[in-house]
Amino acid sequence: MVLAWAMTPGSIPRINRARGLGMVEGGEALREFLIESQENLERLDQELIAMERGPVCPDAVDDVFRVFHTLKGTCGFFDFPRLEATAHAGENLLGDLREASIPWDGAVTNALLELVEAIRRRLDSIEQSGREPEAADARLIARIETLRHPDAGRTAPGADEANGSVEVPEEAQGVKQGEGTIRVDVAQLDTLMDLVGELVLARNRLDRLTSGEKATPLQGAVQRLSVIASELQDGVMRARMQPIGGLWGRFPRLVRDLGVQCGKRVTLEMSGESTALDKAILEAIKDPLTHLIRNAVDHGIESADRRLAVGKTAEGRVTLRAFHEGGMVHIEIEDDGGGIDSSRIRERAVERRLIGAEQAALLSDRDALRLIFRPGFSTAETVTSVSGRGVGMDVVKTNVERVGGTVDLRSEPGQGTTFQVKIPLTLAIIPALIVSCRGERYAIPQVSLLELVRLETDDSRDRIEWVEGVPLYRLRGELLSVVDLGRVLGEAAGDGGSSAGNLVVLQADDRRYGLIVDGVVDTEEIVVKPLARQLKSLSVFSGTTIMGDGRVALILDVVGIARESGMGTRNAERPVEVGGAKESEAESYLLVAGGDGRRFAMPLSCVSRLEVFEGGAVESTMGGEVIQYRGELLPLTRLPGGSVPGPGGGEIRVVVASDAGRQVGVVVDQIVDIVKESARASELGGGPSIVGTAVLQQRATDLLDVPKIIRGGMAATGRN
Amino acid sequence: MGTERQYCTFRVGSLSFGVDVLEVQEVIHRQEMTRVPRASTVVRGLTNLRGQIVMAIDLGRRIGLEPRGEEGESINVIIKAGERPVSLVVDEVGDILNLRDEDRESPPDTLPNSVRSLVTGIHQLEERLLLILDASRVVDFDAAA
């Protein structure tokens, strides 16, 4: 028998062969064994659950067999006889299944899952105390034997055991590693990081000392050292990142078991397993995520009967999603269960004296839902043995906030609930575009980057249209709001005015805009570090990073810049409430006029393009007028009171407006202007497509209800 | 008898300050700074300290002194300040002094408020007054300009 991986002094466990004591002073080898085995068991869980639901896959069967086989063999070295026996039972059962001498049915799956659980418990015990529990898994083993020999009586459990212990476990040689990977202690990585840090400091000093000289060989060498040090630093940081999928390995089993326990049928879907996070953060959110999933199964998903009664599928679904967005890692736990009733939450919160009745009534629905995060909140039904008392949610919130994250929820009564956990990318690596502005460099997360436009002089000055001090850029016919980065940062005007340099087209939530920068330096993968606490109120920055040459650079907050520059988002609430006047923030509006000179305005954020068509191109359909546009039918709508040059008439000016992926063409007589004003709109009964009337450029102007017009327009094309 | 503490001392303008040595991580000369636009002038910038990004505060501005030109190389006193170290940019670093708690007096009323709020006490030294800084209060501010 060869212990291939345990040959270094200090790592060979001292084995006390006297049975009954079974003490092992493990070293590296034992730790390796435990970690490796737990991972294998997690994988087994997933494979077994998959086979429970669908066809039995031969590769998976082989894998399961190998795990039991290896486990059994390795136990021999460490002297865990009862674990060995349990693993052996599993191996035998798998052997029979492989040969198809017995069928794979629900009883078999259950037994195997219980085996996995039993082995896991033993491994936990070994991890805690260094030895396995005294009791053997006799009943479980007996049950397995019954499954193996359904006709015959029970065979003597000793026979197989005797066979097994003589076998040479060929596969126990060497720990099975994944291809090209190696396991490293986190503490080891931290040490490496510190050393690299020192290296960087020394590099900085060298840099400073040689900066005065002109291109000497010494400087060249220092440059090279500089680059290497930065790359080394990056590399070590990357080594700490782990895909979140590693955390998720346990969840399918958890959901299945919970489902069984609660008498519900639940399936778990996961996406975004490869989203990477720093190991420390993964540790911190492990428990909160587990709790949220338990909660979803226990309280979210209804029983199969209830579900069928309201027209849902009998099986509930919990979806786990992870992705990077807006400089954060988003983790969503969604269930298609019964949702949370905000009025019940309000009641309970008042009952538990967390909030006064009046205050509770004043809360919006979303805020009412958030009451569940308050300490002391627990509805009577939430006290179950599965989720425990309602102390869970506030602990979830605290733990998430401790790593700088936030947790929020949305719910539709009857349809389901979604919990959103957002964690800032502290040690996350993202691809970024490095730009320069007034001599400094800034990073823009590539996920927000749509395109780069080089603004050559002269030629491009035409393409930036300055209207009332608001720069707009026409990009392939589409109008983009444009922001000068230098101006946003409060810097002095650069040379060449704002038309020099480059235009970076960015996506901020559901808005697009162009950012003018002096130069584009490079694309780079950067490690994101959070802003210092004192700087967090600066909304134009979302974090910081260290560039390849060791200098610090700020990461721009694409959404923050948009907001600062007065660009409303399309999701912004409408500026008018029924019966009252409400002031909106300064927004850009496109002013147009109808044939009778009457003024209308629409938020620039809704405007896609300004087009001119031949009057003859307008066609009439049952639902209204349309025009063929870019291969589609664009419904047209005329302004109230507008002149109607009818088919065959001259040109018509059309403002193409869009909302949520749908478009309409508003026929106007004249495009007056673009203004950026704070419009106080009041409802004066202006008409069915009017949101309200505001004073813009000192004239009464009707604000068009673009979403409504679009909906009406859709009727014309017969589309939904 | 009486507790004795060690203080790291430094000078900003004509004022002398001391910080408990236990709160000081290290002192570094000549760190390259990245400016932070839109932040108040208290924020000197961000700097790379062995792979960690550290915010540097102009101590002079923090205590309300008028902005001085960036004369010469500045010195960074790196304060531990809880989770993340912060750098205090000062003009000059002095000796480490052993001082007794009982010799500490309360700050005089003549000190302007902006300074007094950050100082826990003073020590009368031979040629000067040493103002003992409360490091955690110094780093606690909102940097939006």
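Which side chains meet in a salt bridge at 2.9 Å, N to O?

The model is predicted, so local features need pLDDT of at least 70 and side-chain atom pairs count only at pLDDT 80 or more, while totals for chains, interfaces and linings use all residues. Residues are numbered from 1 along each chain as its sequence is written, chains are lettered from A and ligands numbered from 1 in the order in which they are written, and side-chain values use heavy atoms, with hydrogens and water left out.

The pair in my opening question is A:E52 and A:R256. A salt bridge here is a side-chain nitrogen of Lys or Arg within 4 Å of a carboxyl oxygen of Asp or Glu. A:E52 belongs to helix α1 (residues 28–53) of chain A and A:R256 to helix α10 (residues 251–262) of chain A, so the pair ties together parts that are 204 residues apart in sequence. Helices (H or I, at least four residues) and strands (E, at least two) are DSSP runs, numbered from the N terminus. Over all chains, the structure holds 45 salt bridges.

Let me turn to the interface. Chain B brings 27 residues to the contact and chain A brings 34 residues, where contact means heavy atoms within 4.5 Å. Between them the two chains bury about 2600 Å², with 53% of it on carbon and sulfur atoms; buried area is the accessible area (1.4 Å probe) that two parts lose on being put together, summed over both. Chain B and chain A are joined by 3 salt bridges. A:E491 and B:R35 form a salt bridge, with their closest N and O atoms 3.6 Å apart. On the side of chain B that touches chain A, β4 (43–49) and β5 (52–58) of chain B each supply at least two residues. The largest share, 4 residues, comes from β4(B).

Finally, the surface of chain A. A:L199, A:L206, A:L209, A:L225 and A:L232 form a nonpolar patch with about 400 Å² of accessible area together. Patches consist of residues with over 30% relative accessible area and no salt bridge, like charges being joined within 9 Å and nonpolar side chains (Val, Leu, Ile, Met, Phe, Trp, Tyr) within 5 Å. Accessible areas come from the Shrake-Rupley method with a 1.4 Å probe, and for residues only the protein chains shown count as cover. Helix α7(A) gives the most to this patch, with 3 residues, and A:L225 is found in helix α8 of chain A.
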